[in-house]
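These are my notebook entries on one structure. I record what I looked up, entry by entry.

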Amino acid sequence: MKKKILVVEDDRAIRLLTSELMKTAGYSVDSAKDGVEALAKIEKKKFDLVLLDIWMPRMNGLEVLSQLRDSPSRPKVIVMTADNTPETLLAAVREQAYHYISKPFQPRFLQELVRKTLASKPSGEPIEVAEE
C-alpha cells in the first residue's frame, strides 16, 4: 500500500512542486495551504508523514505540531522552512518534529529524507528540551 503524505505549504509553487516530487517517488499525496486546512485533513484521513512549512497564515507549523502532539494517530513530521534560526529549530524539536530541513533544498535530498523517515521506527519517548 502506498504511504500517504500531506504537504503543508502556503507558497503555491513550492506546494505543487513538492507534491509532484512526492508523487513521482511513488507516494499518495494530498496538500494544504495552511495549518487550519492541514488539521482538517488530518482529522479526516490518516497520513504517514506530513511535510510542514513553519511560517503560514491563519495557523503556523509550530501551532500545528502542538495540536498534533497528543493525537493518537500522529503522523511523522518533517519541518520545512527558510527560517533556520536556533529558536525556530528548538521550537520544532520541542514540538516533536521528526526532522527539520532548510529551504531551499535539493529534491533528491528531500526524497531520501522522506524515504528514511518513513522506513524508521518511532523512537518511543519524545525528545525533551532542557532550558536554563
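Helices (H or I, at least four residues) and strands (E, at least two) are DSSP runs, numbered from the N terminus.

I recorded that this is a predicted model, in which local features need pLDDT of at least 70 and side-chain atom pairs count only at pLDDT 80 or more, while totals for chains, interfaces and linings use all residues. Residues are numbered from 1 along each chain as its sequence is written, and side-chain values use heavy atoms, with hydrogens and water left out.

I then took the geometry of the pair: the axes of helix 2 and helix 3 cross at roughly 25° and come within 9 Å. Helix 2 is therefore roughly parallel to helix 3. Angles under 35 degrees count as roughly parallel, over 145 as roughly antiparallel, 65 to 115 as roughly perpendicular and the rest as oblique. The axes are lines fitted to C-alpha atoms, for helices over the stretch in contact, and angles run from 0 to 180 degrees between N-to-C directions.

Which residues make the contact of helix 2 with helix 3? I listed Gly35, Leu39 and Ile42 of helix 2, and Val64, Gln67 and Leu68 of helix 3 (contact: heavy atoms within 4.5 Å). By class, four residues of this contact are nonpolar, two are polar and none is charged.

**Buried sides**

In helix 2 (residues 35-44), I found Gly35, Ala38, Leu39 and Ile42 buried. Buried means under 20% relative accessible area, exposed over 50%, and partly exposed in between (1.4 Å probe, protein chains only). These residues cover an arc of only 95° around the axis, which puts them on the same side of helix 2. The arc is that of the directions from the helix axis to the C-beta atoms. The face turned away from the buried side of helix 2 carries the exposed residues Glu43 and Lys44. The buried residues of helix 2 pack against strand 1 (4-8), strand 2 (28-32), strand 3 (49-53) and helix 3 (61-68).

In helix 3, I noted Gly61, Leu62, Val64, Leu65 and Leu68 as buried. Their arc around the axis is only 155°, which puts them on the same side of helix 3. Among the elements that cover them are helix 2, strand 3, strand 4 (76-81) and helix 4.

**Helix 1 against helix 5**

I checked a second pair: helix 1 (residues 12-24) and helix 5 (residues 107-119) pack at an angle of about 60°, with their axes 11 Å apart. Helix 1 is therefore oblique to helix 5. On the helix 1 side, Thr18, Leu21, Met22 and Thr24 make the contact, and on the helix 5 side Pro107, Leu110, Gln111 and Val114 do.

**Backbone entries**

Most residues other than glycine have a negative phi, and most peptide bonds are trans. I found phi of Arg58 near 65°, a positive value in a residue other than glycine. Arg58 lies in the loop between strand 3 and helix 3, and it counts as exposed at 60% relative accessibility. The peptide bond from Lys103 to Pro104 is cis, with omega near -5°. I located Pro104 in the loop between strand 5 (99-102) and helix 5.

Methods. Ala, Val, Leu, Ile, Met, Phe, Trp, Tyr, Cys and Pro count as nonpolar, Asp, Glu, Lys and Arg as charged, and the others, Gly among them, as polar.
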